[in-house]
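Here are some notes to read alongside the model, for someone opening it for the first time. Take them one at a time and look up each spot as you go.

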Amino acid sequence: MSATVEFARMNGLGNKILVVDMRGRPDKVTPAAAVALNADPQTEFDQIMAIHDPKAEGTDAFIDILNSDGSKAQACGNGTRCVVQALAAETGRKVFTFQTVAGILNAVEHEDGTISVDMGRPVFDWDRIPLAEEFHDTSRIELQIGPIDNPVLHSPSAMSMGNPHAIFWVDRDVMSYDLARFGPLLENHPMFPERANITLAQVTSPTSLTTRTWERGAGLTLACGSAACSAAVSAARTGRTGRKVTINVASAKPQAALSIEWRERDDHVIMTGPAEWEWSGRLDPSTGLWSRDGTREAEAQ
């Protein structure tokens, strides 16, 4: 067995993704390899999407997801779009079904190059998100940061979109908050026994939101697909918007939007947006040592 495997550096709205081809192999990308890859500015990432042979009948692949700190992630919508684009380019197919630890994901690449991912049903039960305390209504939980009489952030909507999310509603530009300071405190707050993704969301119209996310296990990120889905669902759930919205990710580079629909007929969340290939190479899934594919790099220039 070769020590190295193919990988691609990609992004979804700037969300830095490494798509690693582990098909035909029994091993996995190790947490140590993930940490090493993230320590290199050229391969720094938010999530690794490791494509493995399918485990369940009727699926095309099992996707193992790692955060930049080496921890496991249950879901990554932006990363899933990158996997779809990579496999569509390889196979010519447009429709895929993936298995993750969070469940089954169906995805399709459209003629315009955008990709829709069915992220499944949101979870609102406090013990399944999970939260450390019981809340009858998780659309607004008791949690704040800052002075008691004038908190900076408070009363988030909590839910799971395959992983735990807390959505804090703000009434000014999401970039004006020091999320780099508040994010780690909230991610690791005792309220979240499995930690949580922390999102600031501003309603900009009845059909649009602007978001910014501190991602569990990755930190400040340019974009987070499951967080965008959680913000869209929470906005509809609290009456701030309808069930179909455009999410403008404030820190995304380049600026682009996600279309999120919380589908009424089955409560599934459908996320549609772009993915972008940057360059490819080979890496050792055990150590994280890597090399860049000079031929592909030259073709891209």
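**Charges over rings, a buried helix and some aromatic pairs**

1. Start with Lys55: its charged end sits over the ring of Phe62, 4.1 Å from the ring's centre. Bear in mind throughout that this is a predicted model.

2. Arg237 lies over the face of Phe124, and the distance to the ring centre is 3.8 Å.

3. Just after H4, look for Gly239, which takes a positive phi of about 80°.

4. Is H4 enclosed or open? Of its 13 residues, 12 are buried, so the helix is largely enclosed by the rest of the structure. The buried set runs from Gly225, Ser226, Ala227 and Ala228 through Cys229, Ser230, Ala231 and Ala232 to Val233, Ser234, Ala235 and Ala236.

5. Now the ring-to-ring contacts. The count comes to 5 aromatic pairs. One of them is Phe7 with Trp279: the ring centres are 5.6 Å apart and the planes stand at 80°, so this pair is edge-to-face. Phe7 is in strand S1 (residues 5–12) and Trp279 in strand S19 (residues 276–283), so to speak two distant parts of the chain linked across 272 residues.

6. Are Phe7 and Trp279 buried or exposed? Phe7 has 3% relative accessibility and therefore counts as buried. Trp279, with a relative accessible area of 7%, is buried too. Together with Trp290, Phe7 and Trp279 form one aromatic cluster.

7. Back to Phe124, this time with Trp262. Their ring centres lie 6.1 Å apart with the planes at 75°, so here again the label is edge-to-face. Phe124 belongs to the loop between strand S8 (115–118) and strand S9 (144–145), while Trp262 is in strand S17 (residues 257–262), so the pair ties together parts that are 138 residues apart in sequence.

8. Check the surroundings of that pair as well. Phe124 counts as partly exposed, because its relative accessibility is 23% and buried means under 20%. Trp262 is buried, at a relative accessible area of 9%.

Conventions:
Residues are numbered from 1 along each chain as its sequence is written. This is a predicted model: local features need pLDDT of at least 70, side-chain atom pairs count only at pLDDT 80 or more; totals for chains, interfaces and linings use all residues. Side-chain values use heavy atoms; hydrogens and water are left out. Buried means under 20% relative accessible area, exposed over 50%, partly exposed in between (1.4 Å probe, protein chains only). Helices (H or I, at least four residues) and strands (E, at least two) are DSSP runs, numbered from the N terminus. Rings of Phe, Tyr and Trp (its six-membered ring) pair if their centres lie within 6.5 Å; planes under 30 degrees apart count as stacked, over 60 as edge-to-face and the rest as tilted. A charge sits over a ring if NZ of Lys or CZ of Arg is within 6 Å of the ring centre and within 35 degrees of the ring normal.
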